[in-house]
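Student: I have a structure open and some time to go through it. Can we take it piece by piece?
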Amino acid sequence: MLEQRIDDKRFLRLIRKWLKAGILEKDGKVIHPITGTPQGGIVSPVLANIYLHYALDLWFEIVVKKPRERGKGAANLWRYADDFVAAFEYREDAERFYRELPKRLSQFKLELSMEKTQIVAFSRFPESQGASFDFLGFEFRWDDSRNGKKIVKLRTSRKKFRRSLENFTEWSRENRSTPIRKLLVNLNRKLRGYYNYFGVIGNYERLRKFFRQAMGILKKWLNRRSQRRSFNWKTFWAMLNRHKIERPRITERPEGQQRREGQQRLQFSY
């Protein structure tokens, strides 16, 4: 696959060496993988992305989307790393793709995770009312806009929400002895990163819920720094306000605003 685009033999040789590189375990042992990219290797995500481009993306564009030969309606694919969603206008096209996808991947020695794969009727029409699916940590669902139109809205998936709280609990437990100023600086970084990813339009309630529960977890572990209780709710919130802890906020900008800002940057560059 790489040789179709790369002529540099030394560069290709370097990648072959990288594929054969061993994995250093915590106990000092080195494991040499028989196939695939090294788990955790720096080059692995790039090579995996290239591999799936040929195994899945091109096949979908050239073969699956051919309306005259393969199906009757529109079809689209959205992929990020090894997670993807395929959308079809007609159910029979989706079912055909569902049957043929494992066969296609098996040609590249890949397996589909069947427990994570399903066909969902997802449209604005009443027959699929209440249907949703998870993708990249978000739950996609149909809802009404302010104007009463049906639109797709995103909110943090339940699974990702629970996992984020579990990770925050572990972080709070491990860092409860860190000096307060340093801990709160790191807390702001964590919250800022969380809002930058999950701060999409329509997801404010989940952001607020995460913030309230996360602060409850932090207060609990800070009070375990010693046998003497350090904070009640009043003193805890006063400390957060004093150090200007990041509050829940939507970071996604409306599409029209993004377009205007892009035009302004283009004019400024001229």
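Student: Is K109 buried or exposed?

Tutor: This is a predicted model, and in it K109 is exposed, with a relative accessible area of 77%. The cut-off for exposed is over 50%.

Student: Where does K109 sit in the chain?

Tutor: K109 is in the loop between α3 (91–106) and β5. Its phi is near 60°, a positive value in a residue other than glycine.

Student: Change of topic. How many residues does the largest nonpolar core have?

Tutor: The largest nonpolar core has 32 residues. Those with the most contacts inside it are F168, L187, L191, M215, L218, F236 and L240.

Student: Which helices and strands supply this core with at least two residues each?

Tutor: β5 (132–135), β6 (138–144), α4 (158–175), α5 (180–198), α6 and α7 (233–242) each do. α6 gives the most, with 9 residues.

Student: Which residues does L240 touch?

Tutor: Leaving out residues up to four places away in sequence, L240 touches L184, M215, I245 and R247.

Student: Now R206. Which helix is R206 in?

Tutor: R206 is in helix α6, residues 204–222.

Student: Buried or exposed, and how far away is the nearest side chain of opposite charge?

Tutor: R206 is buried, and the nearest side chain of opposite charge, E139, is 5.4 Å away. A salt bridge has to be within 4 Å, and R206 has none.

Student: What does R206 touch, then?

Tutor: R155, T156, S157, R158 and F161, not counting residues up to four places away in sequence.

Student: Last topic, pockets. What is the volume of the second largest pocket?

Tutor: The second largest pocket has a volume of about 260 Å³. Among the residues lining this pocket are D144, R146, K153, G202 and E252.

Student: Which strand gives the largest share of that lining?

Tutor: Strand β7, residues 150–156, with 4 residues.

Conventions:
Residues numbered from 1 in each chain as written. Predicted model: local features only at pLDDT ≥ 70, side-chain atom pairs only at ≥ 80, totals over all residues. Heavy atoms only, no water. Buried < 20%, exposed > 50% of the residue type's maximum accessible area, 1.4 Å probe, protein only. Lys, Arg positive; Asp, Glu negative; His and termini not counted. Contact = heavy atoms within 4.5 Å. Core = buried A, V, L, I, M, F, W, Y, C linked by side-chain atoms within 4.5 Å. 1 Å grid on protein atoms, 1.4 Å probe; cavity = no way out; pocket = protein on both sides within 12 Å on 5 of 7 lines; lining within 4 Å. Points joined across faces, edges and corners; volume = space filled by probe spheres on them.
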